[in-house]
Amino acid sequence: MKPYTNSNDVLNDAVALRKRAARDGYLFFTDLVDLAALRALRGRFEEILARHQWIDEGTAASDLLTTKEAVVEGMPEFIPVLEDFQRLEEFHAFAHDPGVLGMLGRLFGDTVLAHPRNIGRIVFPTTPTTPPHQDYVHIQGTPDVWTAWIPLGDCPRALGGIQVLAGSHRVGVYPVQRMSGAGGVGVPTDGLPGDWVAGDFTAGDALFFHSETIHEGLPNTTSDRFRLSVDYRYQAVSKPVTEASLLPHFNRFGWDWVYEGWQSADLQYYWREFDLELAPFTRDVYRFVEDGAAGPEHPPE
Ligand SMILES: O=C(O)CCC(=O)C(=O)O
Ligand SMILES: [Fe+2]
């Protein structure tokens, strides 16, 4: 597997940034996000894990050690933990990181709409992670949505980061197949052209990918440490967006419930100031390999 190309060289050059993005379908930056905000958010996740007794007794929560039987998204036991972090002001505020928004503003050449549907990942060791997929089928609206994937601390490959199939965003939407792990469906990738790329993250690094770029969670090969990360989504305000992208992830009780107890109202309902074009969400983009759906044509190399 190859390492990510570091794109810090084009961070402040909109033309070169767009060229890199068009070529690779992903962008990786070191030292991009505000470290104080990242550390504060990680601290809140640690508190939640400790409160739910998911951290091994007698160990420091900051070490993120667990030998508890794994709980994964979709299991009822995950819900109270999900609710706790989904209601954190810091979790939603961090999606508006100035380094992230600045880079995306140059990439889009437009005002950036941060989708408020923010996702946090708490991945137990040795559990299956996220199968290869394109985010587009889950998001829709416009293919020109970019995901930011940011680990909440150092994330060496052994802790299970993300691998990306470079250049896989160029041909459109692939058919899917039912697979285990977050999302429940994945793209079979055997024989697809392009290089898989991955890397070790240091706290403050961030990975971005286009909604049609195939990516996959790497296994957490530590025997006893949580992998914590967040993923946030962004697009230009002038492009269509689905209503689901404007609702909380898993939308349990709506935004007023998420916002209870926040210190500041500045980042509540911020997207309502934009005149957004709403697009319908459709099941039609899910074409199943099981039903004989063929993949998109690849241009000759
Ligand atoms: O963190 C993961 O395992 C999955 C992340 C992902 O698929 C995404 O951020 O779009
Ligand atoms: Fe994804």
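Q: What is the distance between a polar side-chain atom of Asp 135 and an oxygen atom of ligand 1?
A: A polar contact is a pair of N or O atoms within 3.5 Å; within protein, one of the two must be able to donate a hydrogen and the other to accept it, and residues adjacent in sequence count only if both atoms are side-chain atoms. In this predicted model, the polar side-chain atom of Asp 135 lies 2.9 Å from an oxygen atom of ligand 1. Thr 130 also places a polar side-chain atom 2.6 Å from an oxygen atom of the ligand. For Asp 231, an N or O atom of the side chain is 3.4 Å from an oxygen atom of ligand 1.

Q: How much of the accessible area of ligand 1 does the protein cover?
A: Accessible areas come from the Shrake-Rupley method with a 1.4 Å probe, and for residues only the protein chains shown count as cover. On its own, ligand 1 has 290 Å² of accessible area, and the protein covers 99% of this.

Q: What conventions should be kept in mind while reading these values?
A: The model is predicted, with local features needing pLDDT of at least 70 and side-chain atom pairs counting only at pLDDT 80 or more, while totals for chains, interfaces and linings use all residues; side-chain values use heavy atoms, with hydrogens and water left out. Residues are numbered from 1 along each chain as its sequence is written, and chains are lettered from A and ligands numbered from 1 in the order in which they are written.

Q: Which residues are around ligand 1?
A: A residue is near a molecule if one of its heavy atoms lies within 4 Å of it. Around ligand 1 these residues are Arg 121, Thr 130, His 133, Asp 135, Thr 147, Trp 149, Ile 162, Phe 209, His 215, Arg 227, Asp 231 and Arg 233.

Q: How many residues of this shell are nonpolar, polar and charged?
A: Ala, Val, Leu, Ile, Met, Phe, Trp, Tyr, Cys and Pro count as nonpolar, Asp, Glu, Lys and Arg as charged, and the others, Gly among them, as polar. The shell around ligand 1 holds 5 charged, 4 polar and 3 nonpolar residues.

Q: Which element gives the most residues to the shell around ligand 1?
A: Helices (H or I, at least four residues) and strands (E, at least two) are DSSP runs, numbered from the N terminus. Strand β12 gives the most to this shell, with 3 residues.

Q: Where is Arg 121 found, and is Arg 121 buried or exposed?
A: Buried means under 20% relative accessible area, exposed over 50%, and partly exposed in between, with a 1.4 Å probe and protein chains only. Arg 121 belongs to strand β4, residues 119–123, and is buried because its relative accessibility is 17%. Its side chain forms a polar contact of 2.7 Å with the side chain of Asp 231, and both residues are around ligand 1.

Q: Which side chain makes a polar contact with that of Ser 245?
A: The partner of Ser 245 is His 115, at 3.5 Å. Ser 245 is in the loop between β13 (241–242) and α7, and counts as buried because its relative accessibility is 4%.

Q: What is the phi of Gln 140?
A: Gln 140 is not a glycine, yet its phi is positive, at about 60°. This residue is in the loop between α6 (136–139) and β5, and is buried, because its relative accessibility is 2%. Tyr 269, also a residue other than glycine, has a positive phi near 55°. Tyr 269 is placed in the loop between α7 (255–259) and β14 (278–279).

Q: Is Asp 63 buried or partly exposed?
A: Asp 63 is partly exposed because its relative accessible area is 40%. Its place is the loop between α2 (35–51) and α3 (79–86).
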